[in-house]
Amino acid sequence: MADRTRSDAIHFLSTFPPRQCGIATFTNSLISACRQRIDGRLRLFVTAVDHPELELEYPESVRNTIDQGVRLDYVEAAEFINYSKVRALSLQHEFGIFGGPDGEYILDLVRNVRCPVITTFHTVLETPSDGQRRVMKELTALSR
């Protein structure tokens, strides 16, 4: 019997072009590489972490946006991802991208998604603050 709770999609959470950000460029390249390897077998979607002052127009692959400073957007994004029934969430983490003290708003999303979360830490701090350490430890514990 087929598992009807999952779809044929992978969801990416990151900044994304046209936003000028190294993580956005990385994620765009990652998605391009994935598309070449999966040959249409999986759909690839993006939730872009947005900044309200930028007023960006995203490509069709961006299905949802999060205003990085609005905590409720993270919970709503988790609901959107759950409703989309994706196989996995690829989270691109960098301090400064996510809202709240030490980027803690991302934890609201990760705690509430029902699919496996794969986290890429783009920077691992040698001497993180207590808050940064707490965020990284919880993200690590909630990731697969």
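Trainee: Why is Asp130 called exposed?

Mentor: Exposed means over 50% relative accessible area, buried under 20%, and partly exposed in between, using a 1.4 Å probe and protein chains only. Asp130 has 64% relative accessibility, so Asp130 counts as exposed. This is a predicted model, in which local features need pLDDT of at least 70, side-chain atom pairs count only at pLDDT 80 or more, and totals for chains, interfaces and linings use all residues. Residues are numbered from 1 along each chain as its sequence is written, and side-chain values use heavy atoms, with hydrogens and water left out.

Trainee: What makes Asp130 and Arg133 a salt bridge?

Mentor: A salt bridge needs a side-chain nitrogen of Lys or Arg within 4 Å of a carboxyl oxygen of Asp or Glu. For Asp130 and Arg133 the closest N and O atoms are 3.8 Å apart, and the pair forms a salt bridge. Both residues lie in helix 4, 3 residues apart, about one turn of the helix. Helices here are DSSP runs of H or I with at least four residues, strands are runs of E with at least two, and both are numbered from the N terminus. Arg133 has a relative accessible area of 37%, so Arg133 is partly exposed.

Trainee: How do you know that Arg111 forms a salt bridge with Glu138?

Mentor: Their closest N and O atoms are 2.6 Å apart. Arg111 lies in helix 3 and Glu138 in helix 4 (residues 130-142), so this pair ties together parts that are 27 residues apart in sequence. Glu138 is partly exposed, at 23% relative accessible area.

Trainee: Which residues are linked with Arg111 in a network of salt bridges?

Mentor: The network links Arg111 with Arg71, Glu104, Asp108, Arg134 and Glu138. A search of the whole structure finds 7 salt bridges.

Trainee: What makes Glu55 worth a look in the backbone?

Mentor: Glu55 is not a glycine, yet has a positive phi of about 45 degrees. Glu55 is in the loop between strand 2 (43-50) and strand 3 (62-67). At 70% relative accessibility, Glu55 counts as exposed.
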